[in-house]
Amino acid sequence: EVRQEALRRGTIDAISWSSVQRLLAGADIRPHHVEGWLHSIDPEFREKSTRICELYVHPPPASVVVCVDEMPGVQALRRKYPDHWKRTPGAPARRREFEYIRGGTQALIAGFEVRSGEVTAHCGDDRSAASLEAFMESLAATYPTGTVYIVWDNLNIHYDGKADRWTRFNARHGQRFVFVYTPKHASWVNQIEIFFSIVHRKCLRHGSFASTDDLRQTLVDFIAHWNQDLAHPFRWTFTGYPLRSGIAA
């Protein structure tokens, strides 16, 4: 396209695509590369993100901070053909056939406790309000005393709705829960997103699952393994504003 445009404009009478490629490479120009970014439109971004970061770094005494979110539509993909393992130095460890069979989906709902790194999770067929309420009841049982700060995003089921679900939930549990919302378009402020990326890399990306039951058990087993052997707090360096640093797992 660059070559065709140069010819159309009369910039040059004739040129090959390889010459265009060489010129762009020599000038370190990459018009085909795109770097994505996400801008938060929330006018209270600074205030909201600063409050959350303060909870991460200096949680109030006798309280826990739990980051909650859902990972919906996790697919139970079964590879149609087995991987071919290779032991040739310098070569990929295995070769994988692209074709797979879909076996349904699961929704993972999880809470990451920022001080210990331990995870409470529920894996089921959907991420409905009822499923989230059931998960939150299990979270209340996990942390039966003290103030529990819940950090989550602006999904509709994270709000009261017509059923006043979280007002009623809090009344059942002695008003111990404080719900803190991330800025709009800034769910990356929620530390559970870091854990979900770990789940994807270590548990899902190279997996092959015979059924949703197999997928569910794999997720449950991985989270048990995480809590027993791998759990740790994330080193959080973003202070809320201005945006000048990130996080490290």
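Predicted model: local features only at pLDDT ≥ 70, side-chain atom pairs only at ≥ 80, totals over all residues.
The protein has 7 helices and 9 strands. Its radius of gyration is 24 Å, well over the 18 Å that the globule rule gives for 249 residues, so the protein is more spread out than a compact globule. Along the principal axes, the C-alpha trace spans about 80 × 50 × 40 Å. Buried residues account for 37% of the 249 residues, and the accessible surface comes to about 15000 Å², with 53% of that area belonging to carbon and sulfur atoms. Of the contacts between residues at least 6 apart in sequence, 68% join residues at least 24 apart.

Five strands form an open sheet in the order S5-S4-S1-S6-S7, and their pairing is mixed. Strand S5 (119-124) and S7 are the edge strands, each pairing on one side only, while the twist from one strand to the next averages 25°. At the S5 end, strand S4 (residues 100-113) pairs with S5 in the antiparallel sense over 6 bridges, and Gly111 has Thr120 in S5 as its bridge partner.

Helix H3 (residues 45-57) lies across strand S1 (63-79), S6 and S7, running at about 130° to S7. H5 packs on the sheet as well, touching S6 and S7, and its direction makes about 150° with that of S7.

Methods
Residues numbered from 1 in each chain as written. Heavy atoms only, no water. Helix = DSSP H or I, 4+ residues; strand = E, 2+ residues; numbered from the N terminus. Rg over C-alpha atoms; globule rule 2.2 N^0.38 Å. Buried < 20%, exposed > 50% of the residue type's maximum accessible area, 1.4 Å probe, protein only. Contact = heavy atoms within 4.5 Å. Areas by Shrake-Rupley, 256 points an atom, 1.4 Å probe, with all protein chains shown as cover. Pairing = 2+ DSSP bridges. Axes fitted to C-alpha atoms, helices over the stretch in contact; angles between N-to-C directions.
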